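Keep the sequence and the model side by side. The paragraphs below walk through the fold one part at a time.

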Amino acid sequence: MTFGFERLKRAIGFGVTNPPGPRSGVLGPLSPRDAYELWADDYPPMAHNALMRSEQSVVEPILAHLRPARALDVGTGSGRYIPILESTGARIVIGVDYSLGMLTRGHDKVHRICADACQLPFRRGTFDLINASLMMGDVADLSECLRSMCRVLSSRGHIVYSDFHPSWSQNGWRRTFHLQGGHTCEVAIEPHTIEDHLYALDQAGLHVQAIREPRLSLGNDGHAPSLLAFRRRWGNPPVVVVFHVMREP
Ligand SMILES: C[S@@+](CC[C@H](N)C(=O)[O-])C[C@H]1O[C@@H](n2cnc3c(N)ncnc32)[C@H](O)[C@@H]1O
């Protein structure tokens with residue numbers, strides 16, 4: 001059964017279906033690598049749906065308290081977090097993504113590097129702060145990715161990252177986007193439990209400072225009717241999980 005309202009998909013940036021399975025008229029699920037090349041042209045460098053807004057409302061204040069000299073944005077996409085990292089006072093801000101399409105959308109004046117988060121091409125201890133927003137849902141091996149980030153992080157450096165909340169797999173929610181021709185595409189999500197994250201963090205030698213689980217907020221959102229309908233159908237579950245972790249000295 002498809003929950004079936006397009007307004008809702010537009011409002012919160014994902015389609016909600018139950019139970020999981022192929023859907024007619026939907027392309028995919030596509031691998032993240034293929035999907036982001038298609039999505040890049042319509043992926044503005046700002047929080048463009050309610051999910052991103054709730055994520056950013058938690059991540060931005062954490063970043064604002066940090067004073068890095070060198071900051072890295074992993075899975076930078078079109079660069080939503082680049083100005084936010086610059087506003088911390090960091091002298092060097094670099095964005096990494098494996099999608100050339102996404103990097104091409106990013107800020108011209110910022111260093112952008114095409115690379116895989118699981119094999120970051122930097123020296124050990126290069127950065128004081130790493131941000132990785134809504135990227136872990138594309139990564140199968142959390143331990144490999146967190147070890148790669150930890151390697152390039154300085155002693156007592158910070159990582160702030162977010163992932164799709166386990167609510168997604170529990171409820172059978174899917175991530176979809178619309179192509180200009182009208183097609184809807186689904187992007188596969190690698191599901192991770194909170195326990196999976198804690199295990200991978202421990203393996204990588206990273207210490208948890210905070211875990212946050214934001215929900216969709218009505219706020220001044222122009223899509224409030226859709227969000228109210230979402231709440232009627234699903235209650236008000238967390239939609240994102242945010243980790244603030246530090247490297248052991
Ligand atoms: C959902 S988008 C988020 C983009 C941006 N962080 C934001 O929140 O606006 C995820 C991004 O992570 C990138 N990505 C996913 N897996 C990656 C990997 N293993 N290495 C590098 N980039 C990756 C994708 O290409 C995509 O641009």
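Which elements do the buried residues of α6 pack against? They pack against β3 (70–74), β6 (127–132), β7, α8 (194–204), β10 (206–212) and β11 (240–247). Helix α6 itself covers residues 142–151, and its buried residues are L142, C145, L146, S148, M149 and C150. An α-helix has 3.6 residues a turn, so residues three or four places apart point the same way.

Now step back to the whole chain. This is a predicted model. The chain has 9 helices and 11 strands. Of its 249 residues, 42% count as buried. Take the contacts with a separation of 6 or more: residues 24 or more positions apart account for 74% of them.

How far can the coordinates be trusted? The mean pLDDT is 88, and 88% of the residues reach 70 or more. Residues 1–21 have a pLDDT below 50; beyond near neighbours in sequence, this stretch has 45 contacts in the model. Where pLDDT is low, the predicted coordinates should not be read in detail.

The largest nonpolar core holds 49 residues. Within this core, V74, A117, I130, L146, M149 and I159 touch the most other members. Look at I130 on its own. Leaving out residues up to four places away in sequence, I130 touches L72, V74, M149, L153 and I159. There is also a second, separate core of 7 residues, with A35, M102, L103 and V187 among them.

Strand β7 (residues 153–164) contains Y161. Is Y161 buried or exposed? Y161 counts as buried because it has 25 C-beta neighbours inside 10 Å. Beyond four places in sequence, Y161 is in contact with A132, M136 and F243. N131 lies 30 residues from Y161 along the chain, yet their C-alpha atoms are separated by 5.6 Å.

R156 also sits in strand β7. With 11 C-beta neighbours inside 10 Å, R156 counts as exposed. Its phi is near 65 degrees, a positive value in a residue other than glycine. L134 has a positive phi too, about 55 degrees, and is not a glycine. The loop between β6 and α6 holds L134. L134 is buried, because 20 other C-beta atoms lie within 10 Å. One peptide bond also deserves a look. G28 and P29 are joined by a cis peptide bond, with omega about 10 degrees. P29 is in strand β2 (residues 26–30). For context, most residues other than glycine have a negative phi, and most peptide bonds are trans.

Move on to β8 (residues 173–178). This strand is mostly covered, with 5 of its 6 residues buried. Its partner is β9 (residues 184–187); the two run antiparallel and are joined by 4 bridges. T176 stands opposite E186 in β9. Together β8 and β9 form a hairpin with 5 residues between them. In the turn, G182 has a positive phi of about 105 degrees.

Finish at the ligand. Which residues come nearest to it? Of the 19 residues around the ligand, the nearest are G75, G77, S99, A117 and S133. The elements that give two or more residues to this shell are α2 (32–39) and β4 (92–97). By class, the shell has 10 nonpolar, 5 polar and 4 charged residues. A117 links two parts of this tour: it is one of the residues that touch the most other members of the largest core, and it is among those nearest the ligand.

Methods
Residues are numbered from 1 along each chain as its sequence is written. This is a predicted model: local features need pLDDT of at least 70, side-chain atom pairs count only at pLDDT 80 or more; totals for chains, interfaces and linings use all residues. A nonpolar core is a set of buried Ala, Val, Leu, Ile, Met, Phe, Trp, Tyr and Cys residues joined through C-beta atoms within 7 Å. A residue is buried if 20 or more other C-beta atoms lie within 10 Å of its own, exposed if 12 or fewer, and partly exposed in between; C-beta atoms are placed from the backbone. Two residues are in contact if their C-beta atoms, placed from the backbone, lie within 7 Å. A residue is near a molecule or strand if its C-beta atom, placed from the backbone, lies within 6 Å of it. Ala, Val, Leu, Ile, Met, Phe, Trp, Tyr, Cys and Pro count as nonpolar, Asp, Glu, Lys and Arg as charged, and the others, Gly among them, as polar. pLDDT is the predictor's confidence in each residue, from 0 to 100. Two strands pair if DSSP finds at least two bridges between them.
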